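My entries follow in the order I looked things up.

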Amino acid sequence: MTANPVSVNSNACLISPEIGKSSIAPAHPPLKLGVLASGSGSNFEVIAQAIQNQQLNAKIPVLIYNNPEAKAAARAEKYGIPSILLNHRDCKSREELDTKIVKTFQEYDVEWVVMAGWMRIVTKVLFAAFPDRVINIHPSLLPSFPGIRAVEQALAAKVKITGCTVHIARLEVDSGPILMQAAVPVLPDDTAETLHARIQVQEHKIMLGAIALIAESNQKYCD
């Protein structure tokens, strides 16, 4: 008798630390998040929707986007969140762009910065203004496959498991303390598109989980 082959659930994943119910008391002031986005803004919308549904004790005073074609701006409008275009092509340096970002976030009294698909390298200007308060999401299990085209890197390396990471950002690209990760199996017939789509499902989960952890930690500090 031949053993049945092990079936792989394409939606299976392992999230660490495990996401549980938030213990944040609504009486505490919401965490003020400044969001940076360059593209579709799907992670941004997940955060905005969770806030609207009172699943996350936070608020987004402003969204900054750098690409005039970014769909994130339309998503912001849908939730009544101000969005500001700071086109990097109008800046002479990365530092000039980050200076404008810092000024905008300070005007909106932002406490934490969330890079939700921000496709620009961040400089010390932003980190100095928000020390240890800038988080990033990346489509791999860091420290594996940092940098661009992480999904393609994973496929080229023929790994069996990849995933996504939310971490405190540092000057070195895709480095810094890890807040939360989710593992995603790589299937034999995966393409960059199919694998990225499954990773993105888990990105949305751990982005909310990481922000909830930060909000809870902030609450305890305030207490």
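I start with a cut-off: a residue counts as exposed over 50% relative accessible area, as buried under 20%, and as partly exposed in between. I also note that this is a predicted model.

**Entry: salt bridges**

I searched the whole structure and found seven salt bridges. I took Arg-149 and Glu-152 first, whose side chains meet at 3.5 Å, N to O. Is Arg-149 buried or exposed? Its relative accessible area is 55%, so Arg-149 is exposed. Glu-152 has 30%, so I list Glu-152 as partly exposed.

Next I looked up Arg-75 and Glu-45. Their side chains form a salt bridge of 2.3 Å, N to O. This pair links distant parts of the chain: Arg-75 sits in helix H2 (residues 72-78) and Glu-45 in helix H1, 30 residues apart. Arg-75 counts as partly exposed because its relative accessibility is 23%. Glu-45 has a relative accessible area of 11%, so Glu-45 is buried.

I then checked Arg-198 and Asp-190. Their closest N and O atoms are 2.9 Å apart, in a salt bridge. Both Arg-198 and Asp-190 are buried. I also looked for shared partners: Glu-45, Arg-75 and Lys-78 are joined by salt bridges into one network.

**Entry: an aromatic pair**

How many aromatic pairs does the structure hold? I found one. Phe-105 and Phe-130 make up the pair, edge-to-face, with 6.2 Å centre to centre and 85° between the planes. Distant parts of the chain are linked here: Phe-105 belongs to helix H3 (residues 94-107), while Phe-130 lies in the loop between helix H4 (124-129) and strand E6 (134-138), 25 residues apart. I looked up burial too: Phe-105 and Phe-130 are both buried.

**Entry: strands**

I followed strand E7 (residues 161-168). Seven of its eight residues are buried, so I noted E7 as mostly covered. E6 and E7 run antiparallel, joined by four bridges. Thr-165 in E7 stands opposite His-138. E7 also pairs with strand E8 (residues 178-185), again antiparallel, over seven bridges. There I picked out His-167, whose bridge partner in E8 is Ile-178.

**Entry: the largest pocket**

I read off a volume of about 870 Å³ for the largest pocket. Its lining has 37 residues. Which of them lie nearest the centre? They are Gly-117, Trp-118, Met-119, Ile-137 and Pro-139. I sorted the lining by kind: 16 residues are nonpolar, 14 polar and seven charged. Helix H1 (42-52), E6, helix H5 (150-157) and helix H6 (192-222) each give at least two residues to the lining. H6 has the largest share, with four.

**Entry: backbone**

Most residues other than glycine have a negative phi, and most peptide bonds are trans. I looked for exceptions.

Leu-142 and Pro-143 are joined by a cis peptide bond, with omega about 15°. I located Pro-143 in the loop between E6 and H5.

Asp-109 has a positive phi, near 60°. Its place is the loop between H3 and strand E5 (112-115). Asp-109 counts as partly exposed because its relative accessibility is 45%.

Asp-132 is not a glycine either, yet its phi is positive, about 60°. I found Asp-132 in the loop between H4 and E6. At 47% relative accessibility, Asp-132 counts as partly exposed.

Conventions. Residues are numbered from 1 along each chain as its sequence is written. This is a predicted model: local features need pLDDT of at least 70, side-chain atom pairs count only at pLDDT 80 or more; totals for chains, interfaces and linings use all residues. Side-chain values use heavy atoms; hydrogens and water are left out. Rings of Phe, Tyr and Trp (its six-membered ring) pair if their centres lie within 6.5 Å; planes under 30 degrees apart count as stacked, over 60 as edge-to-face and the rest as tilted. Buried means under 20% relative accessible area, exposed over 50%, partly exposed in between (1.4 Å probe, protein chains only). On a 1 Å grid over the protein atoms alone, a cavity is a set of points where a 1.4 Å probe fits but cannot get out, and a pocket is an open set with protein on both sides within 12 Å along at least five of seven lines; lining residues have an atom within 4 Å of a point. Grid points are joined across faces, edges and corners, and a volume is the space filled by probe spheres set on the points. Ala, Val, Leu, Ile, Met, Phe, Trp, Tyr, Cys and Pro count as nonpolar, Asp, Glu, Lys and Arg as charged, and the others, Gly among them, as polar. Two strands pair if DSSP finds at least two bridges between them. A salt bridge is a side-chain nitrogen of Lys or Arg within 4 Å of a carboxyl oxygen of Asp or Glu.
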